Amino acid sequence: MEQVSEETTTQPIEETLAPEQTLQQQLSELSTKRTGNFPVKLNHENLKFLRNKLHQKTEWKGPNEAYLMIMAILPLDNALASLDPKSIEPTQIHLPAATIESVNYFINRVSGTGLDSAQRLFSISMILRPAVEAIKKLDEEISVLEKEVKSEKSA
C-alpha cells in the first residue's frame, strides 16, 4: 500500500472554499430561488379535492384575485394530469411559489361543511405548510440582503 504524505493531502482552507459572493449576487440567487418551484407531497385524491374545493367553493373579486385563482388552479390541473389516479401514495410534486401562495391564500377563505371535509382541508394545509414557510424564510432573507445592498450603495 502506497503512503501519501500529509502535505499532499491537505490543502489550505482558502483554496477549497468558493470565493465569496457579493451581496448583489446573493440577492440575485435568493430571488431566483424565490420564484422557483417547491416540493409538496400529495396524492391524486387530495390534490383533486384541493383543486375542486378551490374551483367550486372559492369566490374571487377583481383582476388581482382572478390572477391568483388562475395561478392556483392551472398548475394543480397540470400536476393532477401527471399523477396516477389509482395511487393512494403521496407523490412529491414541484409547484411554483406563486401557486403555493395562491393556494394558501384561497384555502384560508374556503368554507365547507362536515368533519371529513374539514379534516382533509386541514391536512392539505399542513402538507403545504413547509413550502409556505420556506417561501417566507426566503422573503425574510431577501429583505435583509436588500437592506444591506441599499446601505452598501449609500455608504
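**Helix 5.** I started with helix 5, residues 62–82, in this predicted model. Helix 5 has 21 residues and reaches 31 Å from its first C-alpha to its last. That is close to the 30 Å expected at 1.5 Å a residue. The expected span is 1.5 Å times one less than the number of residues.

I then asked which residues of helix 5 are buried. They are Glu 65, Ala 66, Met 69, Met 71, Ala 72, Ile 73, Pro 75, Leu 76, Ala 79 and Leu 80. Buried means under 20% relative accessible area, with a 1.4 Å probe and protein chains only. These residues pack against helix 4 (44–57), strand 2 (91–96) and helix 6 (97–107).

**Helix 7.** Next I looked up helix 7, residues 115–154. Helix 7 has 40 residues and reaches 56 Å, close to the expected 58 Å. Where does helix 7 bend? It bends by about 40° at Arg 129, and Pro 130 follows within four residues. The bend is the angle between axes fitted to the seven residues ending there and the seven starting there.

**Whole protein.** I noted 7 helices and 2 strands. Helices (H or I, at least four residues) and strands (E, at least two) are DSSP runs, numbered from the N terminus. The order from the N terminus is α-α-α-β-α-α-β-α-α. Of the 155 residues, 34% count as buried.

**Conditions.** Residues are numbered from 1 along each chain as its sequence is written, and side-chain values use heavy atoms, without hydrogens or water. Local features need pLDDT of at least 70 and side-chain atom pairs count only at pLDDT 80 or more, while totals for chains, interfaces and linings use all residues.

Notes
Buried < 20%, exposed > 50% of the residue type's maximum accessible area, 1.4 Å probe, protein only. Contact = heavy atoms within 4.5 Å.
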